[in-house]
Each structure stands twice: as structure tokens, then as C-alpha cells.
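Please read them with the structure open.

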Amino acid sequence: MKYYAVAEIDITDPSWIPAYVENTTRLVERHGGRYLARTSNFEKVEGERTPPQIYLILEWPSKQVAEAFYDSEDYRPYRESRRDGSHGEFVLVAGEDINHVARMG
């Protein structure tokens with residue numbers, strides 16, 4: 001089953017961004033992930049919460065692959081720099097319909 005990494009990021013120190021983007025893009029792809037969105041271009045439709053500066057959505061072939069990437073030694077220094085220079089939320093979402101109505105591709 002596919003899994004999606006969804007991140008909501010607010011930048012507090014942008015110095016980490018150039019190296020992070022340049023290096024993690026290739027790492028994600030090499031580990032089997034695929035970027036679906038990495039953007040500050042969005043429109044809030046409803047809700048009370050203040051939106052983050054950046055949304056990120058990655059597609060992974062499985063939960064195990066996503067977790068292996070996240071825990072990898074290759075990603076560790078970039079993960080730490082992101083944590084030091086931003087705050088936000090990072091979740092893994094199963095590519096499923098718990099109601100078994102929608103066709104999931």
C-alpha cells in the first residue's frame with residue numbers, strides 16, 4: 001500500500017534550505033519516493049488554524065520504505081538541519097479509504 005508523507009513547515013532560519021533541497025530531492029527519489037508537492041502556493045478553503053508557510057507531499061511505495069528513508073543515515077543530517085531551522089508537523093498517511101468506497105490508485 002502506498003503511503004504519503006505530509007509536512008507542514010514554518011521556516012525560522014532559512015540557512016538550511018539550499019543544501020536540504022539540493023540533497024534531499026535526490027535522496028527521496030533514490031529511496032523510492034516521489035514529490036507530489038513542495039510549495040507555498042496554496043489557498044485555504046476552510047478551517048481555523050493558521051496555515052504553514054510550506055506544504056510538502058511525498059508519495060512512498062510503502063510505509064516501510066518511507067520509514068527507512070526517514071531513519072536513514074543519509075537523511076539524518078538534513079532532517080536535523082530542518083528541525084533546527086523550522087517547526088511544523090510531519091505525518092505518514094496510508095493510501096487507503098477506510099470506508100472501502102473510493103478506488104485508490
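**Notes on the core, the cavity and the pocket**

1. Leaving out residues up to four places away in sequence, Ile9 touches Pro52, Gln53, Ile54, Arg82, Ser86 and His87. This comes from a predicted model, as does everything below. Ile9 sits in strand E1 and is buried, its relative accessible area being 11%. The C-alpha atoms of Ile9 and Phe90 are separated by 8.3 Å, although the two residues are 81 apart along the chain.

2. The largest pocket has a volume of about 230 Å³. Its lining is made up of 19 residues, and the closest to the pocket centre are Ile9, Tyr20, Arg38, Ile54 and Leu56. Elements giving two or more residues to this lining are E1, H1, strand E2 (34–39) and E3.

3. Which element gives the largest share of the lining of the largest pocket? That is H1, with five residues. By residue class, the pocket lining divides into 14 nonpolar, three polar and two charged.

4. The largest nonpolar core has 13 residues, and those that touch the most other members are Val28, Leu58, Trp60 and Phe69. Two or more residues of this core come from each of strand E1 (3–11), helix H1 (17–30), strand E3 (54–60) and helix H2 (63–71).

5. Phe69 deserves a separate look. Apart from neighbours within four places in sequence, Phe69 is in contact with Leu27, Val28, His31, Trp60 and Tyr75. Two of these partners, Val28 and Trp60, are named with Phe69 among the core residues that touch the most other members.

6. How many cavities of 30 Å³ or more are counted? The count comes to one, and the space in the largest cavity is about 40 Å³. The residues lining this cavity are Ala5, Leu58, Trp60, Ala66, Phe69, Tyr70, Phe90 and Leu92. Elements that give two or more residues to the lining are E3, H2 and strand E4 (86–94).

7. H2 supplies the largest share of the lining of the largest cavity, with three residues. The lining as a whole consists of eight nonpolar residues, with no polar and no charged ones. Leu58, Trp60 and Phe69 belong to this lining and are also among the core residues that touch the most other members. Phe90, whose C-alpha atom is 8.3 Å from that of Ile9, is another of the lining residues.

8. In helix H3 (residues 76–85), the buried residues are Arg79, Arg82 and Gly85. Viewed down the axis of H3, these buried residues fall within an arc of 145 degrees, so they line one face of the helix. They pack against E1, H1, H2 and E4.

9. A last item concerns backbone geometry. His100 has a phi near 60 degrees, a positive value in a residue other than glycine. His100 lies in the segment after E4. Is His100 buried or exposed? With a relative accessible area of 73%, His100 is exposed, whereas Ile9 in point 1 is buried.

Notes: Residues numbered from 1 in each chain as written. Predicted model: local features only at pLDDT ≥ 70, side-chain atom pairs only at ≥ 80, totals over all residues. Heavy atoms only, no water. Core = buried A, V, L, I, M, F, W, Y, C linked by side-chain atoms within 4.5 Å. Buried < 20%, exposed > 50% of the residue type's maximum accessible area, 1.4 Å probe, protein only. Helix = DSSP H or I, 4+ residues; strand = E, 2+ residues; numbered from the N terminus. Contact = heavy atoms within 4.5 Å. 1 Å grid on protein atoms, 1.4 Å probe; cavity = no way out; pocket = protein on both sides within 12 Å on 5 of 7 lines; lining within 4 Å. Points joined across faces, edges and corners; volume = space filled by probe spheres on them. Nonpolar A, V, L, I, M, F, W, Y, C, P; charged D, E, K, R; others polar. Arc of directions from axis to C-beta.
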